[in-house]
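Subject: Handover of a structure and the findings from it

Dear colleague,

Please find below the structure that I am passing on to you.

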Amino acid sequence: THLWGLENKPAHTAIREELGEKRARVALCGPAGEKLVRYANIVADLKHAAGRTGLGAVMGSKKLKAIAVRGTGKVPLADPARVGALARWMRDNHRDLMGKLAELGTGISMIPYNQDGALPVHNFRDGHLDGADILGCEGLAETVVVRMESCYACAVGCKKVASLEEPYPVDPAYGGPEYETVASLGANCGVANVYAVTKASERCNALGLDTISVGGTIAFAMECFEKGLLTPQDTGGLDLRFGNAEVVLQLLELIAARQGIGDLLAEGTKRAAERIGGGAERLAVHVKGQEMPYHDPRIQHGLGLGYAVSYTGADHMHNVFDRNYEHEAGLDSVRNLGVLEPMPATWLGPEKVRACIYGSLRRHLDNCLVLCNFVPYRNDQVVEAVRAVTGWDTTTWELWKAAERVVTMARVFNVRQGFTPADDRLPPRMAEPLGPGAPIEPAALEAALPLYYEMMGWDPATGVPRPAKLYELGIGWVTSLLEDV
């Protein structure tokens with residue numbers, strides 16, 4: 001009880017002091033998790049967020065404030081020399097392969113997106129925001145970023161640390177804003193104030209809020225306010241116009257505390273839209289209740305297919321960026337899996353569906369291996385790393401099958417919980433025009449879904465994994481879980 005209600009830094013400090021262990025690593029749910037905000041996250045060491053799907057609310061529901069650990073042993077390696085060689089390769093090559101990521105961090109795409117008219121702005125309604133270029137990585141570096149750091153033992157070091165005294169005090173202990181954060185709480189809310197967005201990033205890490213979902217929910221509320229679906233009476237007098245940086249900061253506090261309009265917005269766009277009614281559902285940009293990340297699929301339709309079928313709702317981290325597949329060089333991640341011909345980004349034909357499945361399985365595998373998507377290992381190097389660390393004489397085929405098993409078992413879980421192909425849909429906004437892109441017509445997605453299902457070994461009409469596929473993946477026992485479906 002002495003920790004309950006504390007923001008993340010005071011709680012983190014108190015736990016280390018209580019344990020008498022300055023090097024304890026601490027994962028916290030934050031005040032937002034305590035209040036069961038639907039998109040509360042878990043923040044580790046104040047700046048590393050397990051950001052999506054409301055895991056912080058799961059901790060809060062269990063009255064679990066934090067987990068603190070101190071590791072003192074060494075991780076045994078099957079082939080230390082080979083692990084060392086792979087690490088040295090990464091050290092020597094990542095800058096050539098990753099451009100300015102190590103120097104400037106994420107946000108490299110902010111300015112190109114904005115200039116092309118493909119940046120999510122005003123609740124994904126528009127694609128350009130005047131002044132938003134300052135939110136790109138170069139603008140952040142010039143105004144708020146004081147240094148770059150890394151996740152543990154990473155050679156790249158792409159994580160920003162921001163610090164400010166004026167016009168808002170920003171504590172560098174909470175890290176700094178990444179691309180998703182500045183696009184979410186900045187451009188999508190119509191805010192181009194780099195200082196306010198940096199403060200918003202700090203407050204989200206202090207409170208334990210997923211920056212992707214909270215910004216998407218606020219932008220949704222702003223459009224509802226603009227259209228008269230929410231009134232000043234509903235908002236407690238707050239002026240929810242797009243571009244109001246101060247109200248964004250106020251809403252973060254209200255959402256985390258579930259006070260006033262914040263109680264409604266803490267439910268996320270899907271549930272909030274259902275309560276507001278009056279057509280608000282058409283403004284809610286989410287898949288399966290999870291707000292969409294800030295990479296608009298209207299410029300790359302394979303990404304949209306991935307959002308639609310994702311078992312956790314819209315998620316770019318187990319997905320593909322199929323603009324890469326327009327060019328020979330961009331096929332590197334799938335070429336050794338048999339995808340050889342470039343294809344248009346705004347197309348959802350059979351070859352694109354196949355490429356998206358193969359490419360996304362690599363991302364699912366990365367998640368299984370706890371391997372960062374930014375680390376530029378080739379597919380063969382991932383296999384080599386698994387062998388060197390574990391001693392498992394594995395192959396590309398076997399590892400991709402492991403990833404396919406994960407996706408299929410997650411699908412079975414969702415089927416048991418009542419999900420159907422009707423949930424594999426994109427929000428209505430994705431059928432609207434966007435600058436350089438093209439609307440994702442519902443009919444095109446409808447045509448691609450049965451192809452995806454069949455390629456995955458799922459029934460093309462119901463999306464339920466077939467018994468033959470479950471046995472082929474070595475999980476035939478899962479068939480018993482579908483007997484009543």
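The notes below cover cavities, salt bridges, the nonpolar core and some points of backbone geometry. Please bear in mind that this is a predicted model.

Cavities

Rolling a probe the size of a water molecule over the atoms shows where empty space is left. A search of the whole structure gives four cavities of 30 Å³ or more. The largest cavity has a volume of about 160 Å³. It is lined by 18 residues, of which Gly306, Val309, Ser360, His364 and Tyr452 are the closest to its centre. In terms of class, the lining of the largest cavity comprises ten nonpolar residues, seven polar residues and one charged residue.

The second largest cavity holds about 40 Å³ of space. Its lining consists of Lys288, Val309, Ser310, Tyr311, Arg411, Asn414, Phe419, Thr420 and Asp424. Sorted by class, this lining has three nonpolar, three polar and three charged residues.

Salt bridges

The structure contains 39 salt bridges.

Lysine 9 counts as partly exposed because its relative accessibility is 31%.

Another salt bridge is formed by arginine 70 and glutamate 21, whose closest N and O atoms are 3.2 Å apart. Arginine 70 belongs to the loop between strand E4 (66-69) and helix H4 (80-98), while glutamate 21 belongs to the loop between H1 and strand E1 (25-28), so the pair ties together parts that are 49 residues apart in sequence. Both partners are partly exposed: arginine 70 has a relative accessible area of 36%, and glutamate 21 has a relative accessibility of 23%.

Arginine 203 and glutamate 253 also meet in a salt bridge, at 2.7 Å from N to O. Here the partners lie in two helices, arginine 203 in helix H9 (residues 194-207) and glutamate 253 in helix H11 (residues 245-257), so that parts 50 residues apart in sequence are tied together. Glutamate 253, at 33% relative accessibility, counts as partly exposed.

Some salt bridges share partners, and in this way Arg125, Asp126, Glu223, Glu226, Arg429 and Glu432 are joined into one network.

In soluble globular proteins, nonpolar side chains tend to be buried together. In this model the largest nonpolar core has 103 residues, and those with the most contacts inside it are Leu209, Ile218, Ile255 and Tyr452. Helix H10 (residues 211-226) provides the largest share of this core, with nine residues. Apart from its neighbours within four places in sequence, isoleucine 218 is in contact with Leu185, Cys189, Val248, Leu251, Leu252 and Ile255.

Backbone geometry

Most residues other than glycine have a negative phi, and most peptide bonds are trans.

Glutamate 166 and proline 167 are joined by a cis peptide bond, with omega at about 0 degrees. Proline 167 is in the loop between E6 and H8.

Aspartate 45, which is not a glycine, has a positive phi of about 50 degrees. It is located in the loop between strand E2 (42-44) and strand E3 (48-50), and it counts as buried at 15% relative accessibility.

Asparagine 123 likewise has a positive phi, near 60 degrees. This residue is placed in the loop between helix H6 (110-116) and helix H7 (137-143). Asparagine 123 is buried, with a relative accessible area of 1%.

Yours sincerely,

A colleague

Conventions:
Residues numbered from 1 in each chain as written. Predicted model: local features only at pLDDT ≥ 70, side-chain atom pairs only at ≥ 80, totals over all residues. Heavy atoms only, no water. 1 Å grid on protein atoms, 1.4 Å probe; cavity = no way out; pocket = protein on both sides within 12 Å on 5 of 7 lines; lining within 4 Å. Points joined across faces, edges and corners; volume = space filled by probe spheres on them. Nonpolar A, V, L, I, M, F, W, Y, C, P; charged D, E, K, R; others polar. Salt bridge = Lys/Arg side-chain N within 4 Å of Asp/Glu carboxyl O. Buried < 20%, exposed > 50% of the residue type's maximum accessible area, 1.4 Å probe, protein only. Helix = DSSP H or I, 4+ residues; strand = E, 2+ residues; numbered from the N terminus. Core = buried A, V, L, I, M, F, W, Y, C linked by side-chain atoms within 4.5 Å. Contact = heavy atoms within 4.5 Å.
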